[in-house]
Each structure stands twice: as structure tokens, then as C-alpha cells.
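Please open the model in your viewer and keep the sequence panel beside it.

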Amino acid sequence: MAKILVCDDDKDIVEAIDIYLTQEGYEVLKAYDGDEAIKVLKRNEVDLLIMDVMMPRLDGIRATLKIRENMSLPIIILSAKSEDADKILGLNIGADDYITKPFNPLELVARVKSQLRRYTQLGSTARSDNQSEFRTGGLVIRDDLKEVTVDGEKVKLTPIEYNILLLLVKNQGKVFSINQIYENIWNEETIGADNTVAVHIRHIREKIEINPKEPRYLKVVWGVGYKVEKIG
């Protein structure tokens, strides 16, 4: 049974989400501000976090930044705003997905299932005896360990970032459009994917490139999409 932490200062929203997730068989933990959420995460093994943006004491933005310092669990941001800038901000701080208030509870449940499915497939704690290594230049992905290194240094990626990079490294030299990346990673129809994919690509570059503005590995093919260069 997956354990989900729901954090929102509106207790009615927390209770409503609790009802829907409990009906789906999930165990729900609750917090009402960012500080409380961090404390709950330290005391429990949580599989997914649903985090509101606007909260007293410690808001969702700063809380997510702190959580991302040492945790890679999936995070879905809740926001009362629908502007693209706010969605991008959520992704910029390390969230894996976002949903805008007011939201359809069935959509929220679907997004929770999608994130948990990808996280399980990623196998953040799983280990395999069968090594599966992908390499280009100094960039190495060991898929059995879910480990990425650049010139021998470990790189910490979120589940979404890892899956995007793995897709591109497995298909070195092949150009993927934004829509193709979105459909491969999110497993759903592409709707307004440009910003979502672009933000994750930028994060990956910042982590694997010496100079993200002049990338060696993850390159844009203008008007087409993205690819990882094949380097011997």
C-alpha cells in the first residue's frame, strides 16, 4: 500500500483528497504547512507528496526546495493559480507534476497513480543482479542501480529527469520531439507539454553539463526537439 502525504492549509481540501485516495487503497498522512510536512517526511517512509503552494509559516515553494535537498520522492504541486509562470515555478523547484485548483478529484487520483507507476518503474530503492549500462563520453547510466554519473561523479536526478535522460541516452543520436518525450515519459496525450518538458530538460542540463549553455551531451535541434549526442 503506497503512503501519500497531503499538505495544504485548507483542512477541507485535505479531507476531500484523503477520502478519494483512501477509496483507492492508499494510506494518507496529513500536514497543514511546509514545516509540518518536512517533519512527517522525516518520521515516515512516504511514497508521494501532494503539496499546496500558498501556506503559512513555510510555503510549498520553500518546503519543496528543502525536501529536494535529500529526497527524490514524486511531488505533485497544488496551486490556486493557472498561469503558465506558476506551473513552471512548481517544476523549477523540483516538483514532478502540478494540478490547478479547483481540480477534478478523479484527475488528481489519475495523476497520483501515474507518478507512483513511474516511480515504481524507476525502482529508486531496487537493485538488480543484471547490469544494464548506457554510456556516452563521460556520461554513464547504470539502470540496474538507477545511478547516473558524469566523469565519475554521481548526479542526483528526480524520477522524471532520470526517465527523460534514460530515454535519450538509450537512443543516442535520435532526435525526440517535445510531444514524443512527453508521451514516452508521461504515458498520456500531449496537452501543453512544451513548458513542462523544457523545464525538465533545463534541469537535466544543469546537472550533467559543465556549461549548460554550451551542452556537450543533451542538445537541442531547433524546431525539431532534443537528442543526446553519441560520444565515443
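A salt bridge is taken here as a side-chain nitrogen of Lys or Arg within 4 Å of a carboxyl oxygen of Asp or Glu. This is a predicted model, in which local features need pLDDT of at least 70 and side-chain atom pairs count only at pLDDT 80 or more, while totals for chains, interfaces and linings use all residues. Residues are numbered from 1 along each chain as its sequence is written, and side-chain values use heavy atoms, with hydrogens and water left out.

**The whole chain**

Along the principal axes, the C-alpha atoms fill a box of roughly 55 × 40 × 30 Å.

Next, colour the residues by accessibility. Buried residues account for 50% of the 232 residues, where buried means under 20% relative accessible area, exposed over 50%, and partly exposed in between (1.4 Å probe, protein chains only).

**Charged side chains**

Select Lys and Arg as positive and Asp and Glu as negative, leaving out His and the chain ends. The chain has 33 positive and 38 negative side chains, and the centres of the two sets lie 4 Å apart; each charge is placed at NZ of Lys, CZ of Arg, CG of Asp or CD of Glu. Side chains of opposite charge can pair when their charged atoms come close. In the whole structure, a search finds 19 salt bridges.

Select lysine 30 and aspartate 18, whose side chains form a salt bridge with an N to O distance of 3.0 Å. This pair links distant parts of the chain, 12 residues apart: lysine 30 belongs to strand 2 (residues 27–31) and aspartate 18 to helix 1 (residues 11–23). Which of the two categories, buried or partly exposed, applies to lysine 30? Lysine 30 is partly exposed at 29% relative accessibility, whereas aspartate 18 is buried at 14%.

Move on to arginine 135 and glutamate 133, a salt bridge in which the closest N and O atoms are 2.8 Å apart. Arginine 135 is partly exposed at 48%, and glutamate 133 is partly exposed at 41%.

Then select glutamate 229 and lysine 219, which meet in a salt bridge of 3.7 Å, N to O. Glutamate 229 lies in the segment after strand 11 (225–228) and lysine 219 in strand 10 (residues 218–221), so this pair, 10 residues apart, also links distant parts of the chain. Glutamate 229 is partly exposed at 22%, as is lysine 219 at 28%.

For a linked group, select Asp8, Asp52 and Lys101, which are joined in a network of salt bridges.

**Tyrosine 226**

Finish at tyrosine 226, which is located in strand 11. Tyrosine 226 is buried, at 11% relative accessibility. What does tyrosine 226 touch? Leaving aside residues up to four places away in sequence, its contacts (heavy atoms within 4.5 Å) include Leu168, Phe176, Ile181, Val197, Leu218 and Lys219.

Notes:
Helix = DSSP H or I, 4+ residues; strand = E, 2+ residues; numbered from the N terminus.
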